[in-house]
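These are my notebook entries on a structure that I consulted for the first time. I set down what I looked up, entry by entry.

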Amino acid sequence: MLSSLFLKMQSKLKFNKIAIIGLGLIGSSIALAIKKHKIAKSVSGYAKSLKTRQIAEKIKLASKVESSLKAAVKNADLIIICTPLSSYKKIFKSIKLHLKDGVIITDVGSAKTKSMQESQSILGDKIEFIPAHPIAGTEKSGPESGFAELFINRWCIITPFNISKKKNVNLIKKLWEKLGSSVEIMTPQHHDRVLAITSHLPHLIAYNIVNTAADLETVTKSDVIKYSASGFRDFTRIASSDPTMWRDIFISNKEAVLEMIGRFSEDLSVLQKAVRWNDEDALFKIFSETRKIRKKIIAAGQDIDADDFGRVKKNLK
């Protein structure tokens, strides 16, 4: 049973107005979760695309969907940026003169160091920018893809500045906990290195594998597609992610990604040598060790122990 103190703390998490900039998968999921948990009296949404705004209005994602950033952020207590990383600089410049005193700005970007440098150069130290990154998502995009439960039992990493006010950091932490996430606080540099290997490099490899298959023109239009086994099929899943978002991630987190590509290339050379020289012992040892890591990932609750990765099986009767 929840303690009265806990209930009192939870009841304090109430904003008058939250503005969500970007209404794709993450932005729409946040909007739905905020509505579900009654975290704000009102939610304004903004999207650059007219089509996106029309869909958002149709499915009632926000109290009001605005066609301008100025209107969206007006009188907002909290602003959540859910757009590609390359748009941050323009957004910071556009909203700087239209912010309420004491407003907190946060985001959901997958790379932190560069965007934090941009925020300081444009917004300065007086406007509180507390970056966050929910480790959640699907390969789908658009406002109709969002769902309130997206963040449940997922990690959210917060990367505050050294000068960030502790009470505001705790407020963002409490927000993500309310949405169902477990929260970790770390430096932006550490975040970028960790995500480079756990998320960014796998996507880069996926894009490259699909691109390699596309170059094999004699089989691409028939056999590669027709006989896509589990490995190729699963790589193509994440290779269907938003190209704008991932282009920005690789550019924004260039140094960490390049470091991980170098490490990966070295390890791949070891495997290449083992295959070339029929080194059965080396291959078995590597595969056994990596299998142990995979089991730890499942044990940590980051996936399920199923060969089909949770896919719904078709009725073959």
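At what angle do helix H8 and H11 pack, and how far apart are their axes? I found that H8 (residues 188-215) and H11 pack at an angle of about 120°, with their axes 11 Å apart. Axes here are lines fitted to C-alpha atoms, for helices over the stretch in contact, and angles run from 0 to 180 degrees between N-to-C directions.

Before going on, I noted that this is a predicted model, in which local features need pLDDT of at least 70 and side-chain atom pairs count only at pLDDT 80 or more, while totals for chains, interfaces and linings use all residues. Residues are numbered from 1 along each chain as its sequence is written, and side-chain values use heavy atoms, with hydrogens and water left out.

Entry on the whole chain. I recorded 13 helices and nine strands; helices (H or I, at least four residues) and strands (E, at least two) are DSSP runs, numbered from the N terminus. Of the 317 residues, 40% count as buried, where buried means under 20% relative accessible area, exposed over 50% and partly exposed in between (1.4 Å probe, protein chains only).

Entry on H8 and H11. I classed the two helices as oblique to each other, since angles under 35 degrees count as roughly parallel, over 145 as roughly antiparallel, 65 to 115 as roughly perpendicular and the rest as oblique. From H8, Ser199, His200, His203, Leu204 and Tyr207 meet Trp246, Ile249 and Phe250 of H11, contact meaning heavy atoms within 4.5 Å. I sorted the residues of this contact into five nonpolar, three polar and no charged. Ala, Val, Leu, Ile, Met, Phe, Trp, Tyr, Cys and Pro count as nonpolar, Asp, Glu, Lys and Arg as charged, and the others, Gly among them, as polar.

Entry on Met245. I located Met245 in H11, which covers residues 243-252. Met245 counts as partly exposed, at 33% relative accessibility. Its C-alpha atom is separated by 8.5 Å from that of Ser86, 159 residues apart along the chain.

Entry on H5 and H6. I found that the axes of H5 (residues 88-95) and H6 (residues 113-123) come within 10 Å and cross at roughly 25°. The two helices are therefore roughly parallel to each other. Tyr88, Lys89, Phe92 and Lys93 in H5 meet Ser115, Glu118, Ser119, Ile122 and Leu123 in H6. I counted four nonpolar, two polar and three charged residues in this contact.

Entry on the nonpolar cores. A nonpolar core is a set of buried Ala, Val, Leu, Ile, Met, Phe, Trp, Tyr and Cys residues joined through side-chain atoms within 4.5 Å. I noted 37 residues in the largest one, and Ile18, Ile20, Ile30, Ile34, Ile80 and Trp176 have the most contacts inside it. The elements that give two or more residues to this core include strand E1 (15-21), helix H2 (25-37) and helix H7 (166-178). H2 gives the most, with six residues. I also noted a second, separate core of 33 residues, which includes Ile21, Phe161, Phe250 and Ala256.

Entry on positive phi. Phi of Asn75 is near 65°, a positive value in a residue other than glycine. I placed Asn75 in the loop between helix H4 (69-73) and E4, and at 49% relative accessibility Asn75 counts as partly exposed.
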